[in-house]
Amino acid sequence: MTAARLLGTVALTFLGLLLVTFLIGRVVPIDPVLAAVGDRAPAAVYERVRIELGLDLPLYHQFWIYCTRVLGGDFGNSVMTANTVLDDIKRVFPATLELASVATIIGVALGVPMGVIAAVNRDRWQDQVIRVAGLVGYSVPVFWLGLVGLLLFYARLGWVAGPGRLDVAFDDLVAPVTGVILIDSAMAGEWEVFASAFSHVILPAAILGYFSLAYISRMTRSFMLEQLRQEYITTARVKGLSERRVVWRHALGNVMVPLITVIALSYANLLEGSVLTETVFAWPGLGQYITSSLFSADMNAVLGGTIVVGSVFIGINMLSDVLYRLVDPRAR
């Protein structure tokens, strides 16, 4: 796929995302005019606001206005916070980014070695244990794991901090630069704040990372089994190379290319799928923002958050495709 074709695909996908969110905003049983003026506003005020919002125009005209506003970064105002939705998203998105990034690091650091070990020991007890662990990761509801984790590691053992992103004593102690507290506190040399932030993020990230681990280990196992059947692996063994070198250098080196796509998709899924985890752990991220907005019938916030999540998903997919081409010349 050429660069022009890739950009065309991305543009069409983004247009589809805008169309879906626009239609959602029109079919949900929530009147945006009532949400703005309240149910006690006079009929004249209601009609004036309806015209101001462009709801008297044909749908195709409304969609055109919607696209131009979104492309200009205008998602409207939030009824819940009275801020612009864009400002709200700028405030909450770094928290989701921090949580998903730590979860992905955990998933990759454990999932790739587990997948390799499962493939090398196919049908042995190591393989069975890893496959069962992955199956549990897919099957157990995340909110249940989160509640059990809070009860055990926070309430009983006291190994980690509780809900929230930081201890109250450290609030506003570090000026936000990136919005990611782990990075900002490290840059400022505030290691007590860093320790508090790490203690808060490690449990929800481990819960999310468990799901990522299950997916990555399964895909790594599948890729490795395919590589271990190849003739170059047999040749390497015949030449007398150690089994460790054959597996971890030659076979794993060749599966890193498809694994880039797997890891990128896993990361995107964590960004969009952290809603329940953020709710259980009172994590002030985008997922909790969208959930609260939905309960408040704040459709501007819901649709704005959905567009951001969808855009990130599209961006990560495009980035993984580009990395794939850079690493593997055959894909160009």
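# Worked exercises: patch, salt bridges, pockets and loops

Helix H7 (residues 142–156) supplies the largest share of the nonpolar patch, four residues. This is a predicted model, in which local features need pLDDT of at least 70, side-chain atom pairs count only at pLDDT 80 or more, and totals for chains, interfaces and linings use all residues. Residues are numbered from 1 along each chain as its sequence is written, and side-chain values use heavy atoms, with hydrogens and water left out.

## Exercise 1: the nonpolar patch

Find the residues that form the nonpolar patch on the surface, and state their accessible area together.

*Solution.* 

Step 1. Start with the rule: patch residues have over 30% relative accessible area and no salt bridge, with like charges joined within 9 Å and nonpolar side chains (Val, Leu, Ile, Met, Phe, Trp, Tyr) within 5 Å. Areas come from the Shrake-Rupley method with a 1.4 Å probe, and for residues only the protein chains shown count as cover.

Step 2. Select Phe143, Trp144, Leu147, Val148 and Leu276 in your viewer; together they have about 480 Å² of accessible area.

Step 3. Take a closer look at Val148, which sits in helix H7. Helices here are DSSP runs (H or I, at least four residues), as are strands (E, at least two), and both are numbered from the N terminus. Val148 has 34% relative accessibility, so it counts as partly exposed; that class lies between buried (under 20% relative accessible area) and exposed (over 50%), using a 1.4 Å probe and protein chains only.

## Exercise 2: salt bridges within and between helices

Work out where Glu47 and Arg50 lie, then where Arg221 and Asp127 lie.

*Solution.* 

Step 1. Side chains of opposite charge can pair when their charged atoms come close. A salt bridge is counted when a side-chain nitrogen of Lys or Arg is within 4 Å of a carboxyl oxygen of Asp or Glu. This rule gives seven salt bridges.

Step 2. Glu47 pairs with Arg50, and their closest N and O atoms are 3.2 Å apart. Both residues belong to helix H3 (residues 43–52), three residues apart, or about one turn of the helix. Glu47 is partly exposed at 34% relative accessibility, and Arg50 is partly exposed at 24%.

Step 3. Now turn to Arg221 and Asp127, whose side chains meet in a salt bridge of 2.9 Å, N to O. Arg221 is in helix H9 (residues 191–228) and Asp127 in helix H6 (residues 125–139), so this pair ties together parts that are 94 residues apart in sequence.

Step 4. A network of salt bridges links Asp127, Arg131 and Arg221.

## Exercise 3: the largest pocket

Which residues are the closest to the centre of the largest pocket, and which elements give two or more residues to its lining?

*Solution.* 

Step 1. Rolling a probe the size of a water molecule over the atoms shows where empty space is left. On a 1 Å grid over the protein atoms alone, a pocket is an open set of points where a 1.4 Å probe fits, with protein on both sides within 12 Å along at least five of seven lines; lining residues have an atom within 4 Å of a point. Points are joined across faces, edges and corners, and the volume is the space filled by probe spheres set on them.

Step 2. The volume of the largest pocket is about 710 Å³. It is lined by 29 residues, and the closest to its centre are Arg26, Pro32, Leu53, Arg69 and Asn300. Helix H1 (3–27), helix H2 (32–37), helix H4 (59–71) and helix H14 (299–327) each give two or more residues to the lining.

Step 3. H4 contributes the largest share of this lining, five residues.

Step 4. Arg69 is partly exposed, at a relative accessible area of 33%, and Asp74 is partly exposed at 37% relative accessibility.

## Exercise 4: two alanines with positive phi

Locate Ala82 and Ala282, and give the phi of Ala82 and of Ala282.

*Solution.* 

Step 1. Ala82 is in the loop between H4 and H5. Its phi is near 70°, a positive value in a residue other than glycine. Ala82 counts as exposed at 66% relative accessibility.

Step 2. Ala282 is in the loop between helix H12 (275–280) and helix H13 (286–295). Phi of Ala282 is positive too, near 50°. Ala282 is partly exposed, with a relative accessible area of 35%.
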